[in-house]
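Please examine the following structure alongside this briefing. The points below are grouped by topic.

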Amino acid sequence: MVTINIDGNSFQVDKNQNVLEAAKQCGIEIPSLCDIDTFTYECALCDVEIAGKGIVKACKVKPTDGMVVTTSSQLLSNIRKCNLERILQRANTNCSVPPCQIACPANVDIQSYLYFIANNEHLKAIEVIKKTLPMPLSIGRVCPAFCEAKCQRNLVDEPLAIRQLKRYAADIDLEKLNSYTPIKKDDNGKRIAIVGAGPGGLSCGYFLSNEGYNVTVYEAMPQAGGWLRYGIPEYRLPKDILDKEIDIMCRNGMSIETNKKLGEDFTLSSLSEEFDAVCLAIGASQASEMKYTGSDLAGCYLGVDFLKDQTLDKQYTIGKKVAVIGGGNTAIDCARSALRLGADTTLIYRRTRDEMPAETYEIEEAEHEGVKFHFLTNPAENIADDNGHVCQIKLEKMALGEPDASGRCSPKATGEYFVEDFDTVIAAVSQKTDTSFIANEDIELSFSRWNTINVDETTMHSGVKNIFAIGDFRRGPATAIEAIADGRKAAKGIDEFFGGTMEKLYTESFRSRNVERSHLIQPEHIEKLKRVMASIATGDNAKQTEEMLNHALAKVLRAKMPELTLAQRHLSFNEVETGLSQQAAIDEAKRCLSCGCDEGNDCKLRQYATDYKVDRKLFINRAVHLAN
């Protein structure tokens, strides 16, 4: 053993190791790609400064008694940055983040978990998922799948069934006696209050409890889950599944107190004083009213209230013919729910089908189940019967004008009307956050003109005391996956607030492999492949030949999620999607084109390039230029 000094501290180290290995043994990480075959001879990141020797490679020098080593300085940072830029300029260097992951608000390492599913390693898949997304059971059922819209497989045939594969891994994990739970760090003595037990608040609490914080979540409603419980119907997300997922999330100590409302049972000021930090995840649980003549008649409901009632007391009664106003997912959920309650249901939307903000899949399922649609139509007046109950709607035909701020063509009134009989009207046009809690507070939070809170978008800190805010409260009405993404950011921000060591995400892409290669993919290739496969499919008869062809195509084309039949859905809120089989999931995961770096979020080159602030434009722009 010899004694050396590293960054001002003395250590006893084995003289037979090199300095790189010795430093690591002492808990000091020197940047290095030396252990990666493709970089072995040109890494040059492990340069250190040794007194009397100058700048040398730590992997090439053995420690001697009295050696003084400096591993970090501005000079060394500049050298490492230059070397990283040189490595990234190599034609065969792939340091790209796949487009599916870039499109995911939570930055889930999709390519990595698809790889593990393809190799039938579901536990490794769920570990990858839960690094950024702690609610795969729920999100695997209800996510709008922004990732699939950017999947490069779109250029070949159809995108991968990413959402459904996430659900597959989570369902398998749930079946195990001990579902995956990350190892909890030691208790750090800090107490965190989270207001709102929706997906954002629960996720923030999950990540913080894993880091050793004592987390208490306050929820105004009788049960936790937020919009996942009170806004998503049972046929999409069974509540027993949600309950099990929340239970798993609480295994590292997060506690939830229900029927506790901010502004009534406690104040923001009291939370801020009692707890070390507060995260407001109060969501957009209030329905925005659609005010027009007769909108307040008996038999007229708001979409958010109608969906909540289906989970709570079921006091809302609907008639035989229901009109749902709106074009978003909430409107679709209301329409499909009314259908299951036995009503003849029509969805009324002022734009065309192409402009509907609802997920295409949800629109198609509603249509498949029997929901009718009136496009380019807007309610002008609800007409009452002799008892003051709605019985008809006067509807105005609309036309599309120029695009508005949303990018969609704006609806224009035509002055043409028609009347249709309806005995129930459900307006599902928008939602808003209840901010009444702030009325009697001394704390002055900053709000936007849309009545959303202003926060630092990296840390979610409000700029006021120890208060953070996430989800719909800062975005306006959005998706569960976006709230979860905010929850992780807030957890990281709170952890940094106290000098913690929560794992950092590395999601900057320093090369664009997918941009460079996308021009090689031709949509007609799959049609040619089908024809070739059909020509060589064999069997003893036509039926067997067809079965063999379908079996072969199943390994190439997107897997079809098994679903309940229309007859099974009739008057039933049973879950529609029944889940992929093991073989179907493996085959589907194998369709991944692996557009990004094979190391995923664990890519050391990406991490170093991010930490040393390499300008990604040097490589992204170059890749785009070469592709063009």
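The briefing considers a sheet and then a set of salt bridges. The model is predicted.

**The sheet**

- Strands of a sheet pair through backbone hydrogen bonds, either parallel or antiparallel.
- In this model, 5 strands form an open sheet with mixed pairing, in the order E2-E1-E5-E3-E4.
- Strand E2 (9–13) and strand E4 (54–57) are at the edges with a single partner strand each, so one side of each has no neighbour in the sheet.
- On average, neighbouring strands of this sheet are turned by 35° against each other, direction ignored.
- Strand E1 (residues 2–6) and strand E5 (residues 68–70) run parallel and are joined by 2 bridges; Ile6 has Val69 in E5 as its bridge partner.
- Helix H2 (residues 74–88) packs on the sheet and touches strand E3 (47–50), E4 and E5.

- The structure contains 38 salt bridges.
- One of them joins Arg163 to Glu577, with the closest N and O atoms 2.9 Å apart.
- Arg163 lies in helix H8 (residues 162–175) and Glu577 in the loop between helix H21 (566–569) and helix H22 (582–589), so the pair ties together parts 414 residues apart in sequence.
- Arg163 and Glu577 are both buried.
- Arg236 and Glu359 also form a salt bridge, their closest N and O atoms being 3.9 Å apart; this pair links parts of the chain 123 residues apart.

**A salt bridge within one helix**

- Lys492 and Glu496 meet in a salt bridge (2.8 Å, N to O).
- The two residues are 4 residues apart in helix H17 (residues 480–497), so about one helical turn separates them.
- Lys492 counts as buried because its relative accessibility is 17%, under the 20% limit, whereas Glu496 is partly exposed at 45%.

Terms used:
Residues numbered from 1 in each chain as written. Predicted model: local features only at pLDDT ≥ 70, side-chain atom pairs only at ≥ 80, totals over all residues. Heavy atoms only, no water. Pairing = 2+ DSSP bridges. Axes fitted to C-alpha atoms, helices over the stretch in contact; angles between N-to-C directions. Contact = heavy atoms within 4.5 Å. Salt bridge = Lys/Arg side-chain N within 4 Å of Asp/Glu carboxyl O. Buried < 20%, exposed > 50% of the residue type's maximum accessible area, 1.4 Å probe, protein only.
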